[in-house]
Amino acid sequence: MDVNLGALFSNLFWFVLILWSLLPLLRQRRIADRRLQVIRQLERERGSRVITLIHRQESLSLLGIPLTRYITVDDSEQVLRAIRYTPPNMPIDLIVHTPGGLVLAAEQIAEAIRRHRGRVTVMVPHYAMSGGTLIALAADAIWMDENAVLGPVDPQLGGYPAASILAAIRQKGPDKVDDKTLMLGDLAEKAIAQVRQTVQRLLQERLPAEDARRIAEALTEGRWTHDFPIGCDELRALGLEVRCELPDLVYRLMELYPQPDGRRPSVQFIPVPYAERPTR
């Protein structure tokens with residue numbers, strides 16, 4: 001019997017290629033199922049609705065190309081839908097891990113959190129910067145890992161901090177800059193005022209008006225760079241109540257949001273907790 005080895009190897013090649021392409025999807029499906037199991041367990045222990053807003057670079061495509069993630073309008077639609085599915089008086093635990101994103105989307109989520117009658121706790125295992133901080137400020141309680149951070153919410157225009165645009169105009173003088181820069185300055189003033197007003201309104205739900213105004217100014221005036229990490233001690237010094245402790249299940253959940261293997265940091269350890277050794 002004649003066998004066309006060329007055709008056989010060609011078919012085998014395409015079979016292996018298709019199987020190799022499907023493996024990331026199968027792995028993602030398995031991880032997604034494990035995430036749901038942890039979320040359900042956390043909901044049972046906390047008696048709450050658990051919602052996640054977690055942005056990591058995961059291998060989602062057939063070719064395994066990592067996708068940069070941030071807060072988008074799609075995110076706000078999904079979070080708002082989850083809140084609508086939640087009974088008005090049921091507590092919500094929102095787990096946030098994000099570098100930030102669109103102000104519009106972050107404000108929509110923050111306002112939905114503020115309006116929810118049940119207690120809302122934002123849990124931050126690693127960082128919730130920029131728009132993520134805005135969302136955290138809307139919650140009734142902020143729980144963080146002791147090494148987790150929030151960040152300033154000063155608006156950015158065209159890749160530049162709004163506060164820095166205004167500082168440049170003041171330094172050079174309005175008569176020594178072009179019309180485009182002056183228009184950017186006008187937008188910068190409006191952006192800072194709008195975000196500051198939003199932060200102050202969110203904080204006034206649980207803080208005295210003067211404290212809310214002071215904290216809103218500190219977070220929006222450009223006192224720090226936009227990526228400045230604000231930890232537990234700094235947040236408490238500002239006047240915010242923060243619990244620097246998280247349930248273990250939150251860390252288990254974060255382990256199920258892996259970075260792509262090709263871009264994983266060079267960190268390695270035996271992944272089990274060690275018992276404390278007695279001192280002599």
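User: Which elements are included in what covers the buried residues of helix 6?
Analyst: In this predicted model, helix 6 is made up of residues 179-203, and its buried residues include G185, A188, A191, I192 and V195. Residues three or four places apart on an α-helix point the same way, because such a helix has 3.6 residues a turn. The cover over the buried residues of helix 6 includes helix 3 (103-115), helix 4 (131-137), strand 7 (156-157), helix 5 (162-172) and helix 7 (209-220).

User: How many Å does helix 6 reach from its first C-alpha to its last?
Analyst: Helix 6 has 25 residues, and at 1.5 Å a residue a span of 36 Å is expected. The reach found in the model is close to that expectation, and its value is 36 Å.

User: In what order do the 5 strands of the open sheet stand?
Analyst: The pairing in this open sheet is parallel, and strand 2 (residues 92-97) and strand 3 (residues 120-124), for instance, pair in that sense over 4 bridges. Strand 1 (49-54) and strand 9 each have a single partner strand and stand at the edges, so one side of each is left without a neighbour in the sheet. The order of the strands is 1-2-3-5-9.

User: Which residue in strand 3 does L94 stand opposite?
Analyst: Strand 2 covers residues 92-97 and pairs with strand 3, residues 120-124, in the parallel sense. The residue of strand 3 that stands opposite L94 is V122.

User: At about what angle does helix 2 run to strand 1?
Analyst: Helix 2, which comprises residues 73-84, lies across both strand 1 and strand 2. Relative to strand 1, helix 2 runs at about 175°.

User: Is C232 of the disulfide buried or exposed?
Analyst: A search of the whole structure finds 1 disulfide, formed by C232 and C244 with their sulfur atoms 2.1 Å apart. The pair links distant parts of the chain, with C232 in helix 8 (residues 232-238) and C244 in the loop between strand 9 (242-243) and helix 9 (248-254). C244, at 23% relative accessibility, counts as partly exposed. C232 has 6% relative accessibility, which is under the 20% cut-off, and therefore C232 counts as buried.

User: Where does pLDDT stay under 50?
Analyst: The chain averages a pLDDT of 86, and 79% of the residues score at least 70. Where pLDDT is low, the predicted coordinates should not be read in detail. The model has 24 contacts beyond four places in sequence for the stretch where pLDDT stays under 50, namely residues 58-67.

Notes
Residues are numbered from 1 along each chain as its sequence is written. This is a predicted model: local features need pLDDT of at least 70, side-chain atom pairs count only at pLDDT 80 or more; totals for chains, interfaces and linings use all residues. Side-chain values use heavy atoms; hydrogens and water are left out. A disulfide is a pair of cysteine sulfur atoms within 2.5 Å. Helices (H or I, at least four residues) and strands (E, at least two) are DSSP runs, numbered from the N terminus. Buried means under 20% relative accessible area, exposed over 50%, partly exposed in between (1.4 Å probe, protein chains only). The expected span of a helix is 1.5 Å times one less than its number of residues. Contact means heavy atoms within 4.5 Å. pLDDT is the predictor's confidence in each residue, from 0 to 100. Two strands pair if DSSP finds at least two bridges between them. Axes are lines fitted to C-alpha atoms, for helices over the stretch in contact, and angles run from 0 to 180 degrees between N-to-C directions.
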